[in-house]
Amino acid sequence: GIIETRRGRSGGTFIIGTPRTTPEVLHQRLLALSMADLRDMADEQLATGLAAVRLATERALPQDFDRLERIARLMGDAKSTESCLRADSRFHIELAVLAQSERLMATQMRLLTESVEIMWSVLDAESDREWTMADHLRIVDALRANDLLSAQNAIREHVSRDFYRLVAARLDSLYPKENPS
């Protein structure tokens with residue numbers, strides 16, 4: 001269901017879907033990351049987020065923050081892990097768009113490709129979507145108020161919480177708690 005080949009005049013090979021990554025594959029990807037890899041990924045995500053909010057405060061227009069808020073609120077409608085992943089990605093992409101930097105956007109896209117699937121494989125769509133949306137809305141509110149310090153603090157908290165959960169999930173997998181029998 002990912003590639004389709006058609007014969008004839010308008011034939012060829014076409015991408016018609018995206019591959020689904022199984023929970024087992026995502027779990028193996030998480031276990032393959034060292035603690036240093038996770039820390040470096042968090043550091044890069046934080047640096048990218050901090051740069052995005054700084055540039056957005058300088059370059060974005062007031063109506064841009066209205067669009068960012070609408071995108072942040074999509075998380076509230078997300079019911080599945082996949083829809084949470086899409087809503088989370090869309091918010092971070094839009095934030096990079098508001099920074100108006102192609103390089104920053106490319107970095108953000110690469111980071112999301114590396115981390116967002118793994119992140120939402122350990123997060124719970126039912127409960128974690130609420131705090132993710134609250135984090136996103138805090139970022140929007142700070143940007144709208146032109147409060148760079150609050151926006152940066154909101155980014156720090158959001159990235160820290162996400163990567164803390166990845167570290168905890170990795171450690172739980174490597175060192176499972178024994179059942180007291």
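This is a predicted model: local features need pLDDT of at least 70, side-chain atom pairs count only at pLDDT 80 or more; totals for chains, interfaces and linings use all residues.
**Exercise 1.** Describe the salt bridge between Glu-117 and Arg-29, and explain why the pair ties together parts of the chain.

*Solution.* 
Step 1. The closest N and O atoms of Glu-117 and Arg-29 are 3.3 Å apart. A salt bridge needs such atoms within 4 Å, and the pair forms one.
Step 2. Glu-117 lies in helix 5 and Arg-29 in helix 1 (residues 23-32), so the bridge ties together parts that are 88 residues apart in sequence.
Step 3. Glu-117 counts as partly exposed at 26% relative accessibility, and Arg-29 counts as partly exposed at 35%.

**Exercise 2.** Which residues are joined with Asp-66 into one network of salt bridges?

*Solution.* 
Step 1. The side chains of Asp-66 and Arg-144 meet in a salt bridge, with 2.8 Å from N to O.
Step 2. Arg-144 is in helix 6 and Asp-66 in helix 3 (residues 62-77); the two are 78 residues apart, and the pair links distant parts of the chain.
Step 3. Arg-144 is partly exposed, with a relative accessible area of 35%, and Asp-66 counts as partly exposed at 35% relative accessibility.
Step 4. Through salt bridges that share partners, Asp-66, Glu-69, Arg-73 and Arg-144 are joined into one network.

**Exercise 3.** How many cavities of 30 Å³ or more does the structure hold, and what lines the largest cavity?

*Solution.* 
Step 1. The structure holds 2 such cavities.
Step 2. Residues lining the largest cavity include Asp-88, His-92, Met-119 and Phe-163. This lining divides into 5 nonpolar, 4 polar and 2 charged residues.
Step 3. Helix 4 (81-99), helix 5 (102-122) and helix 7 (148-174) each supply at least two residues of the lining of the largest cavity.

Notes: Residues are numbered from 1 along each chain as its sequence is written. Side-chain values use heavy atoms; hydrogens and water are left out. On a 1 Å grid over the protein atoms alone, a cavity is a set of points where a 1.4 Å probe fits but cannot get out, and a pocket is an open set with protein on both sides within 12 Å along at least five of seven lines; lining residues have an atom within 4 Å of a point. Grid points are joined across faces, edges and corners, and a volume is the space filled by probe spheres set on the points. Helices (H or I, at least four residues) and strands (E, at least two) are DSSP runs, numbered from the N terminus. Ala, Val, Leu, Ile, Met, Phe, Trp, Tyr, Cys and Pro count as nonpolar, Asp, Glu, Lys and Arg as charged, and the others, Gly among them, as polar. Buried means under 20% relative accessible area, exposed over 50%, partly exposed in between (1.4 Å probe, protein chains only).
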